[in-house]
Amino acid sequence: MLTSQSAKFSELQSRIHGQVLTEGDPAWDASRQAFNLTYDQRPAAVVRVASADDVAETVRYAAQRGLRVAPQGTGHNAGPIQGLENSLLLRTDALQEVRIDVAARRARAGGGARWAAVADPASEAGLAPLSGSSRTVGVAGYSLGGGVGWLGRKYGLQANALTAVELVTADGELRRIDRDNETDLFWALRGGGGNFGVVTALEFELFAVPELYAGALFFPYERSSEVLHAWHEYVSAGLPDELTTVGRVVQIPPLPEIPEPIRGKSFAILQAAYLGNQADGAELIRPLAELGPELNTFDMVPPSALGSLAMDPDAPLPSASSSRLVSDVSSAGIDALLATAGPGSGSSLANVELRSLGGALARRTPGQGACASIDGDYLLFAVGGVFSPEQYGAVLGQAAAVSEALAPWDSGVRYPNFEERKVDARSFFDADTWRLLRALRAEWDPGSLFLANHQIKDS
Ligand SMILES: Cc1cc2nc3c(=O)[nH]c(=O)nc-3n(C[C@H](O)[C@H](O)[C@H](O)COP(=O)(O)OP(=O)(O)OC[C@H]3O[C@@H](n4cnc5c(N)ncnc54)[C@H](O)[C@@H]3O)c2cc1C
């Protein structure tokens with residue numbers, strides 16, 4: 001029997017092959033779940049599309065009924081979305097097509113594909129995408145928001161590796177957008193997020209990476225200050241674009257799903273990925289390895305291993321985070337970070353990291369998209385687990401305090417993919433880029449049909 005809620009959407013259900021779910025459906029809770037379990041997404045209905053045609057039907061239906069459409073793949077960045085109650089949460093999970101063209105070094109991924117589905121077969125062919133630290137993040141959201149990964153200092157942002165985007169725009173039309181077709185929209189999509197339509201597939205460059213030298217150095221947590229200062233001096237002296245490093249302090253929660261050797265333990269960790277051979281890589285990281293870690297995991301690995309290097313969680317978890325792009329962080333900045341997140345600070349945050357940026361991530365070249373480059377030497381991300389609703393405010397406060405401590409070194413812009421709470425989207429762009437993005441939003445989505453995590457709009 002149809003509930004009154006599902007009866008309301010029976011016409012949409014009759015128009016698509018996928019599923020329309022409303023409150024009361026057995027699969028309702030699973031279908032609206034975000035990656036961060038602290039978010040309680042309550043849309044008017046969830047539409048699990050089965051095809052690009054379903055997407056087009058859903059967009060037309062929503063436009064006719066005065067509803068908005070919130071495209072979502074994995075829900076890794078569900079936090080900033082506001083206004084779901086009048087929206088269809090359009091889940092793209094079923095759009096899983098992945099094709100690797102080895103000769104052309106190109107990939108095609110469906111709008112709901114996750115990075116593992118691309119990185120694993122690409123890796124077998126000696127190729128790598130510009131994916132990030134997690135295998136379970138969606139290709140679409142990551143690419144539309146910029147995309148900072150282990151190979152970024154050498155090859156730039158994933159957004160700028162896109163060669164074509166297929167999407168359903170607000171008029172319900174499925175379009176193929178690339179350098180020669182709707183050039184302005186192609187520019188906007190590469191950094192402007194999910195404001196311009198529902199992406200059904202993306203095509204992008206892959207890079208020749210048969211193997212690379214990568215790993216982690218684990219140090220006792222108590223050595224955090226010595227280790228992070230040494231790493232900061234090492235990075236500040238200048239490194240080749242082929243080498244990307246991350247410095248972090250971690251306090252691993254005592255969860256049963258975490259392997260016993262590290263469960264409940266705390267460390268200072270230095271990680272790196274080097275596009276080159278073992279001898280050169282070992283020589284490059286020698287100053288870090290000579291600090292004398294408890295554990296050194298560096299080795300030659302296939303590029304698919306980059307998806308596990310950061311040890312990001314694969315399964316949904318409740319968490320609270322903050323982030324900031326920072327420049328010219330002096331050794332006082334490292335002290336400020338550790339005063340809020342290091343030994344003796346009282347922090348319970350699971351992970352506080354600085355990713356080194358620069359190289360191709362910082363370079364502007366003709367033909368790039370709206371997210372052309374990243375202004376900042378380091379990307380800070382601070383996150384803690386929230387294991388009861390009462391903890392949320394305290395954990396968020398700790399994460400915000402780390403970010404606040406680095407405010408004197410703020411680069412002046414924010415990075416959308418790492419903003420897990422609502423912020424003014426103009427803070428991601430320079431004034432000219434923002435103006436053009438708003439104009440293109442008004443042109444392609446005049447009624448603000450699409451509800452993105454980060455909204456490009458006037459106010
Ligand atoms: C564990 C973890 C690790 C991460 N590592 C990195 C990293 O290394 N580098 C990095 O840059 N970022 C990283 N991120 C951030 C990540 O890139 C963002 O959260 C990104 O928005 C996730 O995209 P998604 O499609 O998985 O998430 P979703 O929450 O599904 O999507 C986020 C937004 O993207 C848009 N979107 C998604 N799919 C579509 C579509 N088909 N059509 C139109 N719009 C769409 C929508 O506006 C949506 O609200 C990480 C996040 C987590 C949780």
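Reader: What does Leu288 touch, leaving out residues up to four places away in sequence?
Author: Leu217, Phe219, Trp231, Tyr234 and Leu270. A contact here means heavy atoms within 4.5 Å. This is a predicted model: local features need pLDDT of at least 70, side-chain atom pairs count only at pLDDT 80 or more, and totals for chains, interfaces and linings use all residues. Residues are numbered from 1 along each chain as its sequence is written, and side-chain values use heavy atoms, with hydrogens and water left out.

Reader: Where is the place of Leu288?
Author: In helix 10, residues 278-289. Helices (H or I, at least four residues) and strands (E, at least two) are DSSP runs, numbered from the N terminus.

Reader: Is Leu288 buried or exposed?
Author: Leu288 has a relative accessible area of 4%, so it is buried. Buried means under 20% relative accessible area, exposed over 50%, and partly exposed in between, with a 1.4 Å probe and protein chains only.

Reader: How far apart are the C-alpha atoms of Leu288 and Leu239?
Author: They are separated by 13 Å. Along the chain, the two residues are 49 residues apart.

Reader: Switching to the ligand. How many residues surround it?
Author: 34, and the closest are Gly73, Thr74, Ser133, Gly138 and Tyr415. A residue is near a molecule or strand if one of its heavy atoms lies within 4 Å of it.

Reader: Which polar backbone atoms sit by the ligand's oxygen and nitrogen atoms?
Author: A polar backbone atom of Gly73 is 2.7 Å from a ligand oxygen. For Ser133, a backbone N or O atom lies 2.8 Å from an oxygen atom of the ligand. A ligand nitrogen is 3.4 Å from a polar backbone atom of Gly111. The protein covers 96% of the 950 Å² of accessible area that the ligand has on its own. Those areas come from the Shrake-Rupley method with a 1.4 Å probe; for residues, only the protein chains shown count as cover.

Reader: Which helix gives the most to the shell around the ligand?
Author: Helix 6, with 4 residues. Strand 3 (68-72), helix 6 (139-144) and strand 10 (198-205) each supply at least two residues of that shell.

Reader: And by class, what is in the shell?
Author: 14 nonpolar, 18 polar and 2 charged residues. Ala, Val, Leu, Ile, Met, Phe, Trp, Tyr, Cys and Pro count as nonpolar, Asp, Glu, Lys and Arg as charged, and the others, Gly among them, as polar.

Reader: Now helix 13. What should its 15 residues span?
Author: Helix 13 (residues 391-405) should span 21 Å at 1.5 Å a residue, and its end C-alpha atoms are 21 Å apart, which agrees. The expected span is 1.5 Å times one less than the number of residues.

Reader: Which of its residues are buried in helix 13, and what covers them?
Author: Val395, Leu396, Ala399, Val402, Ser403 and Ala405 are buried. The cover includes strand 17 (319-326), helix 12 (331-341), strand 18 (351-356) and strand 19 (378-385).

Reader: Which residue other than glycine has a positive phi near 60°?
Author: Met311. Its place is in the loop between helix 11 (306-309) and strand 17. Met311 counts as partly exposed because its relative accessibility is 36%. Ser448 also has a positive phi, about 50°, although it is not a glycine. Ser448 is found in the segment after helix 14 (431-444), and is partly exposed, with a relative accessible area of 25%.

Reader: Last one. What does His229 touch, beyond four places in sequence?
Author: Ser331, Ile334 and Asp335. His229 lies in helix 9, residues 224-236. With a relative accessible area of 15%, His229 is buried.

Methods. Polar contact = N/O pair within 3.5 Å; in protein donor to acceptor, adjacent residues only side chain to side chain.
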